[in-house]
Amino acid sequence: MTDGFGARLAEVVARRGPLCVGIDPHAPLLAAWGLGDDAAGVREFGLRVIDAAASRIGIVKPQISFFERHGSAGYAVLEELLAAARAAGLLVIADVKRGDVGSTVDAYGEAWLTPGTPLEADAMTAVAYQGFGSLDGVLARAAAAGKGVFVLAATSNPESAEVQTLRTASGETIAARMVAHAAEHGGNVGVVVGGTVELAAVGIDPDALRAVPVLGPGFGVQGARLADAPATFGAAIGSLLPSVSRSVLGAGPDGIGSAIDAAVAEVASWQR
Ligand SMILES: O=c1ccn([C@@H]2O[C@H](COP(=O)(O)O)[C@@H](O)[C@H]2O)c(=O)[nH]1
């Protein structure tokens, strides 16, 4: 029987810690790394990040937009990097934020979560703006393959409150509703909650987050501090997978290892 994603994730976190490093080849970062803003530059950047990550952490998160900028060549590089990350023993969360009518989003699940496909990852991010039920097919597909899905709940960007703090007919916020739906999946479906978010302001009870993996971007350049995460997430700190991209990638090819080490040390100091 295939292990569930929650169990696979717990095993990685126990062995390598919860820190997730983004593979975000922004154009300015490529320039700072002395690489071209093209598919070859993105490939070199990605391979170096994977190399630095492999001996230090357990989870990486490629951001698809920075590959899509380079068209089919970017996708070919992403396929290579996904395979390289897997071969290095890293768990890969594809940050693709997919959502659509169910029959269409299911095809996204097929692309990203099916063993043996060119874009296979361990988990993908998804958006339930079309209703949580629109993700049923992809969640079933993920469960069958031991893969994970992280559904946006309370995102790290300052504009998010306009939508995510709206209240449903039963009085909970949309963000809290996403958490409640994810919790129905026994730890195999996670949510995205930014490190910049004040949980009370978005109507999320930290206790509710204890039942789900929480992918937490927003640390570093977006303003959240890893040191503040225990206060921000409270009882849910044990669920958090803090994610950092530019704050470590900005250290450059020679500094990224030390930057990841510093983030790992910060996270290890938490009482989880
Ligand atoms: O709420 C969200 C969801 C996803 N992201 C993604 O995480 C990284 C953050 O990058 P930094 O350089 O650490 O700011 C990026 O890929 C975003 O698309 C997010 O920021 N917030």
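**Exercise 1.** Does Pro25 count as buried or exposed, and with how many C-beta neighbours inside 10 Å?

*Solution.* A quick note before starting: this is a predicted model, where local features need pLDDT of at least 70, side-chain atom pairs count only at pLDDT 80 or more, and totals for chains, interfaces and linings use all residues. Residues are numbered from 1 along each chain as its sequence is written.

Start with the cut-offs: buried is 20 or more other C-beta atoms within 10 Å of the residue's own, exposed is 12 or fewer, partly exposed is in between, and C-beta atoms are placed from the backbone. Pro25 has 30 such neighbours, so it counts as buried. Next, locate Pro25: the loop between β1 (20–23) and α2 (27–32). Helices (H or I, at least four residues) and strands (E, at least two) are DSSP runs, numbered from the N terminus. Lastly, leaving out residues up to four places away in sequence, Pro25 touches Leu30, Val42, Phe45, Gly46 and Phe66; contact is C-beta atoms, placed from the backbone, within 7 Å.

**Exercise 2.** Work out what helix α13 should span, at 1.5 Å a residue.

*Solution.* Take 1.5 Å times one less than the number of residues.

**Exercise 3.** Find the buried residues of α13 and what they pack against.

*Solution.* First pick them out: Ile256, Ile260, Ala263 and Val267. An α-helix has 3.6 residues a turn, so residues three or four places apart point the same way. Then list the partners: β1, α3 (39–54), β8 and α12.

Notes:
Contact = placed C-beta atoms within 7 Å.
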